[in-house]
Amino acid sequence: MAFSQKFSPLTTEEPEFSNALLELERDNGKPVWQDFNPRLDIRTGMANEYGMELQRAYRQFENKELLSYKRALENSCKQVQATLTNFLDNTINRYADANRSGLHEAIMLLNRLTYLYLELQTDEARDQSHNLVTELRAAEAFFDTKLQVTIDNEATKKLLNEVLSLKLRQQQLQDNVTEGNHHELQQLQTILEQLRTATDEYQKAANAEIESANQIRAQARKQAREEAEAAIIATQKHLTATENQLETTTDKLTELLAEESRFRNQHLVIYPIFFAVSLLGLLILLGIFNQSILWGLLQKIGENLVNCLIWTAVAILTYLGIVWLQYSTNIRDRIQKTQKQIKRLESNLKATAVELRRNYNDQLKLEYDFYVQNLRIETLNYLIKTAKQKADTLRQTLDTFSQIHTYLVEQREQATTKFSETRLAVVTDKDIDDYYQKFIESSPTKTFIHECVSRSQSWKMPATFQNQLTSFAQKQFEQLSNLSIGEVLLSSDLMAPNTAPLRLNQLSDSANLLLRLQDIDANLNPTSQRETTLWVGAKDKEEILGLCSRSYRTLTALVAEDEQKLCILTRSLGFPAYFLSQIEFYRDCYERTQSEQKESDELDNIPDLIPDEIGSNRELIFAYSTLILAIALNIISQSQGKYKFKGQSLGEDREQIALALATEFTFQELYEEIRESIEAFEHDFVYQNVQKLGDTLANELTRNERKVLDNLKKEYNPLN
């Protein structure tokens, strides 16, 4: 697997990335492949039986062991894919945590890893750039040398050199072009057009080359299988022919051994016995017909016994020499040659049997190697697909983060402190902005990354990221929501020093709405003397009273349950100042309408100076708010102009429905059920639906309903 030694920018940084591919052919650390080696021995005259047994063992290995090897490879492939995917995630996480633009750099990395024509980004044709696509091509070409596959890449090389040459000329022109030189600009434009054309032609040629290479490799695989099958058949035939030749030679040797046996019997047994019998018979006949000659012959032999024995021995040895010479020239050489030929044939038979077994093993190994290569290609294709998916995920995540940023900025710009004619906020928007800026400058800016969600975690959880970010931001400023009025005015960092008296003076001014009431000289008219009642939290009572006593002549301080509110009631002529102010305000408005032509819409927009929380319509406004929320959350539906709750008709006019909910006894149980249903929803969800309702019914809402809707938006705004 030499092709995995170079692998994209990741390999140079993390060697285990390339090593993971090496585990594709290993199962629990051991090689998956074990050679085909059946325990079969060839015996003389059993070549066909040996071939049949070997073929049977081959089929059994193919159906059992090879199948188990493939299953082990598939399991290893899944593990390798999981390992590489995990490593890809870790690499993205490392890029993400490295710096603020890490996710953008990770996208660039993934794009480079999956770019189809990485060679176009090099400076020279000999530069070897690597990514997942080049590794895939290397995997596809892994057996080219073994299969003797030759791919014609001259066309792509030529086009690539042309592209790189045009890029060099483009860079030279860009470096030397001067402003206002139209000739050089025209040349640069021409080069760019030629570069685009050459790039398109190269990509088309590369695609055609890949398609052609796949066809050639498929044909080479088919041919390799056919050659492996042909090699088995040829070896089997050679084994049979060798065995037949061995049998023929063995029969010939048997005949030669029989001939040798006959020769020995004839010359060493039959002929000597015949000679001895003939000599003995001659002596017997001589004794019968002439005993004197026999005895004379015997006496003469006896006298020359030594010489006779010598000549007899010489005769025997001469005879044996003649026999051995005849045996050596006619029989012995042929037997030795035949025996040598038999040994050679037996050796060839064993070698052919081993070769046949090796051919079967090579055929099985060829199928195994092709299967491994397919899994290797499948793994790289899977990794390319995964890298593209993760790049898309990162892009979507960054888009989501951008939308969250835009949304939070809009919410921050829309969020303002509550203020009305009779309600003054102790902390202004500017105070909050200044405090926020100081908080950012003095607090660690990476707290959220370190404590809640790191950058490497954020791209995997875009759905819940906004909630966690909002929750974290709320916790950072949670202590502010628990501050009392006294803590805000006297000891907090929310406002500049010496601002508390100014805020209380503004509160004093807002308690007297009309200048004509403020300008009354109480000394000239004792009945118009004003009295002031202050409601303040118990722990802030003394401090607030000390500050307010400078602005009020007569001040009565009462303890309030809510420490985050400071209420002031001013009375003049025995009546609350806002009632008198209401009368005077509307009288002025009436007088203006008599002297000027006013539009009816402008008259409808005259504000109500009586606070809702202390007016007689407080319960009605609360019921109206509940109705609006129920409509926004689809708890109350509208069908054919009528509003319904769980199939029960409530009416057509929203104002009448709110009045019924607030005042009629028969609607109280229904009213409580609607309120419980609303409380089951999260504030963020309620806020989004209230906004949608405002957009949907923008042209249908009355002035009071728009006011109720605005108050609901402020109440449920997640930034408040």
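Thr91 counts as buried because its relative accessibility is 1% (buried means under 20% relative accessible area with a 1.4 Å probe, protein chains only). Thr91 lies in helix α3. A polar atom of the Thr91 side chain lies 2.8 Å from the backbone oxygen of Phe87.

This is a predicted model, where local features need pLDDT of at least 70, side-chain atom pairs count only at pLDDT 80 or more, and totals for chains, interfaces and linings use all residues. Residues are numbered from 1 along each chain as its sequence is written, and side-chain values use heavy atoms, without hydrogens and water.

Now take the partner of α3. Helix α3 (residues 47–98) and helix α4 (residues 102–113) have axes that come within 7 Å and cross at roughly 140°. Therefore α3 is oblique to α4; angles under 35 degrees count as roughly parallel, over 145 as roughly antiparallel, 65 to 115 as roughly perpendicular and the rest as oblique. Thr91 is part of this contact: Leu88, Thr91, Ile92, Tyr95 and Ala96 in α3 meet Gly102, Leu103, Glu105, Ala106, Leu109, Leu110 and Leu113 in α4 (contact means heavy atoms within 4.5 Å). By class, nine residues are nonpolar, two polar and one charged.

The axes of α10 (residues 305–414) and α14 (residues 462–476) come within 10 Å and cross at roughly 30°. So α10 is roughly parallel to α14. Their crossing is right-handed. From α10, Thr397, Thr400, Phe401, Ile404, Tyr407 and Leu408 meet Pro462, Phe465, Gln466 and Leu469 of α14. This contact has seven nonpolar, three polar and no charged residues.

Technical notes:
Axes fitted to C-alpha atoms, helices over the stretch in contact; angles between N-to-C directions. Helix = DSSP H or I, 4+ residues; strand = E, 2+ residues; numbered from the N terminus. Left-handed = near helix turned anticlockwise from the far one by under 90°. Nonpolar A, V, L, I, M, F, W, Y, C, P; charged D, E, K, R; others polar. Buried < 20%, exposed > 50% of the residue type's maximum accessible area, 1.4 Å probe, protein only. Polar contact = N/O pair within 3.5 Å; in protein donor to acceptor, adjacent residues only side chain to side chain.
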